[in-house]
Amino acid sequence: MLGLAHLDRPFDYLVDAKLDDDAQPGVRVRVRFAGRLVDGYLLERLDRSEHDGKLAWLDRVVSPEQVLTPELATLCRAVADRYAGTMADVLRLAIPPRHARVEKEAVSHDVARAIVVPDRTGWDVYDSGQSFIDGAAGGGHPRACWQALPGEDVAARLAELAASVAAAGRGVVIVVPDQRDLDRLEAACTPLLGDACVSLVAGLGPTARYRRWLAVLRGQARVVIGTRSAVFAPVSDLGLVVVFDDGDDSLDEPRSPYPHPREVGVLRAHGTGAALLIGGHSRTAEAQALVESGWAFDVVAPRAAVRAAMPRIDGLSDEDRRVANDPMARSARVPAIAFDAARKALAADQAVLFSVPRRGYLPSVACARCRAHVRCRACNGPLQMNDRGDLACRWCGRPENRFVCPACAGTAVRALMVGDRRTAEELGRAFRGVPIVTSSGDKIVDEVPAGARVVIATPGAAPHAPGGYGAAVVLDTWAQLDREDLRAAEEAVRAWMAVGTLVRSREDGGRMVIVADASESPVQALIRWDPVGFAAIELSHRLELKFPPAVTMASVDGPPAAVAAFLDLLDMPPGAETLGPVPLPAGVRRPAGLDDSGPADRMLLRTPRVAGRALAEALRAAQALRNARHDDTAGIRVQVDPPTIG
């Protein structure tokens, strides 16, 4: 597998008679290419070749294990074409590295215990929920977008769905964003599915992961649950693909060609005739586009059920903007309405959650004189301040011992954003005698004990509380809404709904306060708990402005000269247009091989959705020409539908 665009095609080789039995489609092989031995996969056996020249011989069969199934090969080719990548790069994502010792282990022929047919009444509250399960289990191919209720036991519902389909003899793949979600899902699946369900995640280690992957390939497991790459799992007789919380950035693949599991799931469901479910507490514009196009249908609960399950949610009116009279609450920047909600929950011996957008102490600072953002002199990354008053870069870690503002020569800084550790200090003074728990970054708390306590967590790191939180307060919402990013509002609503689903229902006294203007559209979507309506608004804006998913967009990142040279090779399809170049947006990872201190540009290309495949093919052809000319000394990155546009 060479991974070069101009060599992204099958090559014919002769098979020696002594390798005839082992050289079957799907096995790993070694071949001689351009004078050196390289690894590859045998795609198919033919009686004759259409190549007119002399053919080389297959060097050897690395393993007789047929790891590349026909369905997986077709899927990898489709993903490569969709994302302007090479099949070799997709295969590296889809098939884990080989471990010979694991392949030689005896295959267990023990009959897995019977799958427990689950009680599916939990799906009764959702319109079309039961019919979706019946269709998937019955061999149909329904495709739906599921909006989970606030406070829903998502793991239990997904386990019931998987068991229903597996009991009918069909395979299931479920993708969730991270290890915490996977642990809950595995705990829910085990009682119903036993050893018919395996989890696939990189954290298992290469040996254990390959052992489980082989168990799936050999038909010993019918249900696969896992993170990103599990969407490629070689499940036989696939009946259902599920991608939950597709807006979570943990699902953004960092390796070329950067396929998103949601889109891989769409391609796989379309290619195999399997059912597809895209779920979440919120909804992305991409999922809404599938519904509005008629390709998928809604699985949602009636409004009465939503209102009964959600907490009471308050935004800020002009009157609510005042800070509580308590001086300690003022130091913690907590408005009176939020302070009162927290105090009442604590008095009822219930936990209170404060959600802050960033971890650290002061994760973003500005010049105290001119208010210009303070940047690192080495890499132009943002500077942050720790609790000792030391400045350092958030990107490269370089300390800044003598700050001087390049704009006004000021030497003092002020906070632009307050992190979770500084917030913990402030709330500790505001709620004296109450235990304080922080959860963020690599120190995530999974669950807190029952009883009164204050929990400060960043998005995605909030622990579960028994029975739910009595109150939740979302602070510094401007940091989420004011981001210069196409998906800022969508991601803010997703993060807020993830907090809201951890709070008790309004019938149980649960209350959520979002410290933001209640008239803002994203805040209104939260107050009404209307993710579908908000996604429809977002999609309409994208249609008007010609942004994904209304169009297919690609980014070309790299040194200015390399980007310009690449565009000269690109034969743009009719109707396509270019935007830029502009400096690479802050926070976007630089292409491999590009110096952190050097200039980097981004050029955006967009075309109508119907011409998306033509744009991807043009990009692939330009990369092939660039590789063939050996113009790849300066690293560039080509990405179709990048998660961050600007």
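Two strands pair if DSSP finds at least two bridges between them, strands themselves being DSSP runs of E with at least two residues and helices runs of H or I with at least four, numbered from the N terminus. The model is predicted, so that local features need pLDDT of at least 70 and side-chain atom pairs count only at pLDDT 80 or more, while totals for chains, interfaces and linings use all residues. Residues are numbered from 1 along each chain as its sequence is written, and side-chain values use heavy atoms, with hydrogens and water left out.

An open sheet is formed by three strands in the order S14-S15-S16, with antiparallel pairing. Its edge strands, S14 (383-385) and S16 (399-400), each pair on one side only. Between S14 and strand S15 (residues 391-393), which run antiparallel, there are three bridges, and Met 385 has Leu 391 in S15 as its bridge partner.

This sheet belongs to a protein chain with 19 helices and 25 strands. The radius of gyration of the chain, taken over C-alpha atoms, is 27 Å, close to the 26 Å that the globule rule (2.2 Å times the number of residues to the power 0.38) gives for 646 residues, so the chain is as compact as a globular protein of that length. Along the principal axes, the C-alpha atoms fill a box of roughly 85 × 65 × 45 Å.

Of the 646 residues, 53% count as buried, meaning under 20% relative accessible area with a 1.4 Å probe and protein chains only. Among contacts (heavy atoms within 4.5 Å) with a separation of 6 or more, 73% are between residues 24 or more positions apart.

How values were computed
Buried < 20%, exposed > 50% of the residue type's maximum accessible area, 1.4 Å probe, protein only.
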